[in-house]
Each structure stands twice: as C-alpha cells, then as structure tokens.
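Colleague: Hi! I'm new to this one, could you walk me through it?
Modeller: Happy to, let's look at it together.
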Amino acid sequence: PGWNRLQLHSVSCVVVVVACVCLCVCVCVCVSRMAMMSMKASGRVALASGSSLNAIRCFASSLWQGVPEGGLDPIKALTEAYLKDPASDEFTLGEGVYRDENGKPEVLQSVRVAEKRLVERGLDHEYAPVPGIAEFVANAQKFAFGKNHPALKEGRVASVQSLSGTGGLRLASAFLKQSLPEGTALYQPTPTWANHPNI
C-alpha cells in the first residue's frame with residue numbers, strides 16, 4: 001500500500017533476479033551431479049574429495065567441444081584490427097558512429113535533448129505490446145513514408161517495432177521464410193551491409 005509503480009517494478013526486478021540466481025544454483029548443482037555420475041560411470045575420474053570441480057570442467061568441456069567458433073562480423077573485424085593497429089594517423093569508418101577529433105564516440109546534442117525529454121516524461125518500464133509501442137510505430141511509418149503517403153492513408157503498410165536494424169531484418173527474414181513458398185527470390189542491394197547476406 002502506498003507504493004508507486006517504480007517501487008513495485010524495482011521490487012519485482014529484485015524478486016526476478018533472486019529467482020534467477022536460485023535457478024542458476026540449482027542448475028549448477030544438477031550439472032555437478034550429472035558430471036560426477038558421468039565421469040564415475042566412464043571410469044575417467046575417481047570421486048574423491050575435491051574432485052567435483054574437475055568433473056564439472058571435464059563435463060563442460062566435452063559438452064561444448066563440438067561447437068565451432070563463430071567468425072567475426074566483417075565490420076567488427078575491421079574495428080578490432082583498427083584498435084590493434086598502433087598507427088596514430090588513422091580513423092575507423094567501419095561502424096556508423098559519430099566521433100570527435102580524437103576518435104572517441106560523440107553523442108549528438110540532439111540525442112542529449114531527446115534523452116532529457118524522455119527522462120522528464122517520467123515513462124515507466126512496462127513491457128511493450130508484441131507489435132511494439134503504437135505511438136512509436138505510427139511515427140516511424142510517417143517518418144519513413146511521409147505522413148500523407150497514400151499507402152499509409154489506405155492502410156497498406158504493416159509495421160512492427162524491433163530491436164535494431166539487424167534485429168528487424170532477422171524478424172522479417174523469419175517471417176518471409178515462414179510465409180512465402182520455398183524458392184521465392186529475395187533481392188538485396190549492391191553494395192549492402194556485410195551482415196545482410198548472412199541474415
């Protein structure tokens with residue numbers, strides 16, 4: 001009684017974190033027991049005092065040893081190469097980030113103003129509906145097409161909110177694969193972002 005939504009949300013978050021920690025502890029105990037039983041059954045380890053940690057390590061390494069290491073995204077690989085290069089007279093143009101004269105990320109003043117406005121609005125952290133925040137989606141449509149575009153006025157545009165551009169493309173790709181006949185041709189521009197063909 002008397003608590004506001006922020007306080008209730010904070011308490012809920014703490015409860016979720018505690019539940020997750022308890023779940024992780026239970027999983028670790030189960031994995032430990034499975035590992036010890038597996039090692040004992042195979043005769044690879046004698047279960048003596050202090051052998052639990054070694055059994056877990058052995059079980060975990062054998063569990064994941066067949067998983068191949070994922071390659072770096074070409075743009076990220078370029079950034080890593082740039083960071084390792086000792087030359088001082090170069091700039092990285094690989095990632096779309098505004099930078100100052102020293103190569104440090106620079107946040108535009110317009111972004112700072114927008115952040116301040118969001119904080120001042122006192123928004124809560126409620127989960128968004130599945131298609132996204134309706135106001136945001138509607139404004140994004142107007143921004144992309146123009147608010148008087150016939151397709152918008154005729155209701156021929158469907159939009160959902162997603163996590164980042166790559167996340168949006170991944171969702172769209174999954175939807176197209178599920179909805180279109182196998183073998184349907186999809187086209188991408190040339191050039192395009194390095195991770196687009198992979199998606």
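Modeller: A word on naming before we start: helices are DSSP runs of H or I with at least four residues, numbered from the N terminus. Also keep in mind that this is a predicted model.
Colleague: Thanks! How many helices and strands are there in the protein?
Modeller: The protein has seven helices and zero strands. Read from the N terminus, the order of elements is α-α-α-α-α-α-α.
Colleague: And where is Val107?
Modeller: Val107 sits in the loop between α3 (74–84) and α4 (109–121).
Colleague: Why does Val107 count as partly exposed?
Modeller: Because its relative accessible area is 39%, and partly exposed covers what lies between under 20% (buried) and over 50% (exposed).
Colleague: Switching topic: is Thr79 buried or exposed?
Modeller: Thr79 is in helix α3, and it counts as buried because its relative accessibility is 10%.
Colleague: What is Thr79 in contact with, leaving aside neighbours within four places in sequence?
Modeller: Thr92 and Glu95 are its contacts in that case.
Colleague: Now the whole protein: what share of the residues is buried?
Modeller: Buried residues are 10% of the 199 in the protein. The protein exposes about 16800 Å², and 63% of that comes from carbon and sulfur atoms.
Colleague: Last one: of contacts between residues at least 6 apart in sequence, what share joins residues at least 24 apart?
Modeller: That share is 30% in this protein.

Note on methods
Residues are numbered from 1 along each chain as its sequence is written. This is a predicted model: local features need pLDDT of at least 70, side-chain atom pairs count only at pLDDT 80 or more; totals for chains, interfaces and linings use all residues. Side-chain values use heavy atoms; hydrogens and water are left out. Helices (H or I, at least four residues) and strands (E, at least two) are DSSP runs, numbered from the N terminus. Buried means under 20% relative accessible area, exposed over 50%, partly exposed in between (1.4 Å probe, protein chains only). Contact means heavy atoms within 4.5 Å. Accessible areas come from the Shrake-Rupley method with a 1.4 Å probe; for residues, only the protein chains shown count as cover.
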